Amino acid sequence: MPEGQTAHYLPLSGVRILDLAKLIPGDLATRILADLGAEVVKVELPGIGDYLRNIPPMYGPDSYHHLALNRGKKSVALDLRTEAGLRDFHALANKADAIMEVSQPGRFQQMGIDFAEMRRQRPELVICSMTGFGQTGPLATLPSHGYSMDALAGTAIVDRKPDRTEFADGGPSSSISSEAGASAAATATMAALFGARTTGIGAWIDISFWDAAVEMSRAAIAHRAAMDAPRPVSMDKWSLYAIYRASDGRDVVICAIERKFFAAFCTGIGREDLIERWSSPVGGSVDYGDASMRTELDAVFRTATAQEWLDRFIEWDVPGGIVETPDDLANFEHTTARGLLERNWHGTVPNILSPIRWMDSGTRPGTGADVCSPVGADNEEVFRTWLS
């Protein structure tokens, strides 16, 4: 480990974040900063707090969502609907490096919190305003939850049946918009904090969770805009980027779209004769295969179990794997090997750590973090340390 770096590397140590966010995307954005060492103070309504605290599933009195997304944060109870609450908020805001909030556009302005004026008085201040659909545009005032944003962004995974459409089982256990938007908010806030330190000028950031999900469809959007036609996709006809059923009834995915991977797979199954059927357009680098090979490979994959196929993919250096579900991952061997879970962190609840891993120490942000304080538990400490 390089000299001066400890096992708990906290690059944002000393940064003060005043957190007006709530629910999954806002809480995830501020948790990313807390994991990296920022002092994140949640401003919560007295008694009630961020109602993510009470959204099932529950572990006793605590929501699993709350435990996972608000670790390492302090809580200050302020009623921003009162003069005293606004006065205390502005006192803390004057000491904050950044303010992060989730609300409909203009809501805090109506309450007497003028972010534009705060930025004029303190140009170094960073404000990150997170919304479902952004500060501008025809959807700006539309209330949002995760899957409503996903639906409008084209990222909702649905099962269309003859009589109704339902969210598909096995889809993402969190909203794509929420997750991508939270990451964008944290990234932008860190960039603006760096800019404030180097130039003295912060920023007011407009983060739309919908924007983040839409951007993930960049190739389809670009094709439609350029060609005025849908991007050609026929995944149901692909054979080399596809899902197959193994002999034990589990599903396996293979992604052998580059020639070297397809050749390795064909050699591994003893079907070198298939290699010549790999074909890519002139100048192309991949081949997704077609329906003509699908039936042959269906029969091949049914000759071994899913675990046997995974072992073979590793041995043959071929991209592929078992189609797992979130329920499979708590005890998955690779989850343990990667150190993603700090087990028995809060009773029997594990601490599911950051996807960031510091190579020098082998540790991850969030390791050893405290459970978020009860609503208002840190009023005295925060006012004493921030305003002294």
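1. Angles between axes under 35 degrees count as roughly parallel, those over 145 as roughly antiparallel, those from 65 to 115 as roughly perpendicular, and the rest as oblique. The axes are lines fitted to C-alpha atoms, for helices over the stretch in contact, and the angles run from 0 to 180 degrees between N-to-C directions. In this predicted model, the axes of helix H6 (residues 146-153) and helix H7 come within 7 Å and cross at roughly 95°, and H6 and H7 are therefore roughly perpendicular to each other. Where they meet, Gly-146, Met-149, Asp-150 and Ala-153 of H6 are in contact (heavy atoms within 4.5 Å) with Ile-176, Ser-177 and Ser-178 of H7.

2. Some points on the basis of the values should be kept in mind. The model is predicted, with local features needing pLDDT of at least 70 and side-chain atom pairs counting only at pLDDT 80 or more, while totals for chains, interfaces and linings use all residues. Residues are numbered from 1 along each chain as its sequence is written, and side-chain values use heavy atoms, with hydrogens and water left out.

3. The protein chain contains 14 helices and 15 strands, which are DSSP runs numbered from the N terminus (helices H or I with at least four residues, strands E with at least two). Its C-alpha atoms fill a box of roughly 75 × 50 × 45 Å along the principal axes. Of the 388 residues in the protein chain, 40% are buried, where buried means under 20% relative accessible area, exposed over 50%, and partly exposed in between (1.4 Å probe, protein chains only). Among the contacts in the protein chain with a separation of 6 or more, 66% join residues 24 or more positions apart.

4. Leaving aside residues up to four places away in sequence, Met-100 touches several residues, including Ile-17, Leu-33, Met-130 and Thr-189.

5. An open sheet is formed by three strands in the order S11-S12-S13, with antiparallel pairing; two strands pair if DSSP finds at least two bridges between them. Strand S11 (241-245) and strand S13 (320-322) stand at the edges with a single partner strand each, so one side of each has no neighbour in the sheet. On average, and with direction ignored, neighbouring strands of this sheet are turned by 20° against each other.

6. Which strand does S12 pair with over five bridges? That partner is S11, in the antiparallel sense, and Tyr-244 stands opposite Val-252 in S12. S11 and S12 form a hairpin with five residues between them, and Gly-249 in the turn has a positive phi of about 85°. Strand S12 (residues 251-255) pairs with S13 over three bridges, again in the antiparallel sense, and in S13 the bridge partner of Val-252 is Ile-322. Helix H11 (residues 291-301) packs on the sheet by touching S11 and S12, and its direction makes about 45° with that of S11.
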